[in-house]
Amino acid sequence: MIMFSHEFFVSFLAVTSLFGIPRASAAACEPVRIPLCKSMPWNMTKMPNHLHHSTQANAVLAIEQFEGLLGTQCSPDLLFFLCAMYAPICTIDFQHDPIKPCKSVCERAKCGCEPVMKRYNHTWPESLACEDLPVYDRGVCISPEAIVKAEGPDPYHQDPSKCSPESTPDFPSDSHNVHCKGANNDRCKCKAVKLTLKTYQRNNYNYVIRARVKEIRSRNHDLSAIVEVKDVLKSSLVNVPRDIVTLYYNSGCLCPPLTANEEYIIMGYENEERSRLLLIEGSVAQTWKDRMGKKVKRWDQVLREKSRGNSGKRNRH
């Protein structure tokens, strides 16, 4: 297995300075000049990129179309993924074949952002399909969790002292519970969502369920919650059974936070293509209380009546 962890990965410039490699041998690499990607933990790239742009000037024009989507903050992994595709990292050992982002990074970005794109009648671009990207334990790829700058602290690295081995990204496993004591570190601060009728209407949740959490799982850096659905208060696109189902997070952070053996009212979004229930930014998980369940049912009724009223006005006109 080959992977880039915080122990083994350094940027191109660090390698050249440490080992005295002549500048001429690095001719194939060039400094990153794409403004959106200058904050990335690498500073050298190589053209053509993974999308066949021959120059960075061409790549700039192409990546700028995602500025609006980036502004929605639909996924914390989106910018990293885009830069890994449009301005791929260039190192001495991988000049001929620039390193691709890991499949899981693409899937997290897609799961978080495609629902937003669909609201504007767009879908995830075929050119950014996740299917052909490498899985980190079966090939060479990069992800935010396993890359570090040559200088300064790694903004993505979790302090090993705060997490058990099961939750540290450098330990791959097929499926296991997460026991991370550092869930409240800087990278994983969950935004509190105050649940009101206005919030409920604005966020336009696809599903609302009452569920008991059975376990939290982590696989290839992807988090998911296994829950037992007790009641379905709302389901827009996917048939949600009163059974054991999986809720998929779109990042390595447990946001909204869930605890095993606790019962919650959970509001999130659906990926209709893959019949998945998602927990993305704006999703809510609150300890179940009967009055909250009744309140949500009232809100849904109010919104349906309002929708019917607006539809009637349009028909009269």
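Which residue in E8 is the bridge partner of Glu 228? That would be Ile 244. Keep in mind that this is a predicted model.

## Strand E8 and its neighbours

E8 covers residues 244-249 and pairs with E7 (residues 222-235) in the antiparallel sense, over 5 bridges. E8 also runs parallel to strand E10 (residues 276-279), with 3 bridges joining them; here Tyr 248 has Leu 278 as its bridge partner.

In a regular strand, side chains alternate between the two faces of the sheet. In E8, Val 245, Leu 247 and Tyr 249 make up the covered face, while Ile 244, Thr 246 and Tyr 248 sit on the uncovered one.

## Disulfides

The whole structure holds 5 disulfides. One of them links Cys 37 and Cys 83, with the sulfurs 2.1 Å apart. Its S-S torsion is about -95°, so this disulfide is left-handed. Cys 37 is in the loop between strands E1 and E2, and Cys 83 is in helix H4, so the pair ties together parts 46 residues apart in sequence. Cys 37 is buried at 0% relative accessibility, and Cys 83 is buried at 0% too.

Cys 102 and Cys 141 form another, again with sulfurs 2.1 Å apart, but this link is right-handed, at 85° about the S-S bond. Then there's Cys 106 to Cys 130, S to S 2.0 Å, which is left-handed because its torsion is about -75°. This pair links helix H5 with the loop between H5 and E4, 24 residues apart, and both cysteines are buried.

## A cysteine left out

What about Cys 111? The closest cysteine sulfur, in Cys 130, is 7.8 Å away, so that's too far for a bond.

Key
Residues are numbered from 1 along each chain as its sequence is written. This is a predicted model: local features need pLDDT of at least 70, side-chain atom pairs count only at pLDDT 80 or more; totals for chains, interfaces and linings use all residues. Side-chain values use heavy atoms; hydrogens and water are left out. Buried means under 20% relative accessible area, exposed over 50%, partly exposed in between (1.4 Å probe, protein chains only). Helices (H or I, at least four residues) and strands (E, at least two) are DSSP runs, numbered from the N terminus. Two strands pair if DSSP finds at least two bridges between them. A disulfide is a pair of cysteine sulfur atoms within 2.5 Å.
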